[in-house]
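Take a look at the structure, then read on.

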Amino acid sequence: MEQLIIFGILISLGYFFGRHAEKKHYKSIQEREKHWLQLPTTSSKYVLEDDRIIDHCDLVNGSMVVSVDYFKRILARLRNFFGGNIQSYETLIDRARREAVLRLKESCPEANQVINLRLETSSITKGSGKQIGSVEVLAYGTAVYFCK
Amino acid sequence: MFLTNTEEVPGKKITTFYGVVSGSTVRAKHAGRDLMAGIKNVFGGELKGYTELLQESRDEAIDRMKSQAKQLGANAVVNVRFSTSSVAAGASEIYVYGTAVSVE
């Protein structure tokens with residue numbers, strides 16, 4: 001009985017706090033993405049067409065470690081049984097990727113372009129069995145500065 | 001020192017190749033941070049401690065790679081790649097490698 005109560009508390013904590021945090025995070029991501037549209041970013045190796053002369057360039061990176069909440073973990077465990085899309089994990093990793101790219105852009109506000117953007121995902125703490133504990137997303141690229 | 005993850009330094013010409021240089025770090029966070037991360041696993045969200053930890057160790061790995069390139073007499077590292085692997089629970093290795101070159 002006691003175990004059931006603890007389980008219920010953990011689930012509801014995960015549900016309410018997790019959902020609130022996700023909504024807040026998505027809102028801030030959307031706002032910042034709008035702001036950072038001014039900084040052209042590509043995954044191509046070459047500098048986008050521009051007449052200005054390149055002054056210098058630098059390696060920039062941004063990262064985020066994100067963890068699933070208890071409620072989503074239970075949902076995913078159920079999904080593992082029936083099969084299909086685990087939407088709760090999809091949104092989690094989507095959030096981490098977009099945040100990592102935003103942090104990369106925020107680390108070089110003076111840059112004119114970011115080229116060769118690469119994203120890498122790695123799970124840093126493995127949970128039991130097939131479960132993922134927390135995921136790290138790293139975004140890195142080359143910031144290009146033009147002569148003024 | 002120029003660092004890029006493209007094959008060449010944009011706007012500059014490569015004159016000499018020195019070969020592959022690399023840097024790596026293995027780090028773990030103290031138990032208090034691990035405990036916080038365990039609690040965060042219930043609520044979900046960002047694990048700030050781990051983000052910081054990985055960012056610090058990445059910076060250090062880059063510094064080690066830079067000093068290796070400097071010893072060779074290079075002034076740029078091109079084609080930089082990162083790789084992360086967990087060697088034990090709570091500890092992770094960051095490996096950075098690239099090609100040391102001289103540019104004009």
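Two strands pair if DSSP finds at least two bridges between them. Helices (H or I, at least four residues) and strands (E, at least two) are DSSP runs, numbered from the N terminus. This is a predicted model: local features need pLDDT of at least 70, side-chain atom pairs count only at pLDDT 80 or more, and totals for chains, interfaces and linings use all residues. Residues are numbered from 1 along each chain as its sequence is written, chains are lettered from A in the order in which they are written, and side-chain values use heavy atoms, without hydrogens and water.

**Strands of chain B**
- Strand S1 (residues 2–3) of chain B runs parallel to strand S4 (residues 76–88) of chain B, joined by 2 bridges.
- B:Phe2 lies opposite B:Ala76 in S4(B).
- S4(B) also pairs with strand S5 (residues 91–103) of chain B, antiparallel, over 10 bridges.
- There, B:Phe82 has B:Val96 in S5(B) as its bridge partner.

**Interface of chains A and B**
- The contact (heavy atoms within 4.5 Å) takes 41 residues from chain A and 31 residues from chain B.
- The rule finds 3 salt bridges across the interface; each is a side-chain nitrogen of Lys or Arg within 4 Å of a carboxyl oxygen of Asp or Glu.
- B:Glu46 and A:Arg103 form a salt bridge at 3.0 Å, N to O.
- S1(A) gives the most to the side of chain A that touches chain B, with 12 residues.
- S1(A) is joined to strand S3 (residues 45–46) of chain B by 2 bridges, antiparallel.
- In S3(B), B:Gly45 is the bridge partner of A:Ser67.
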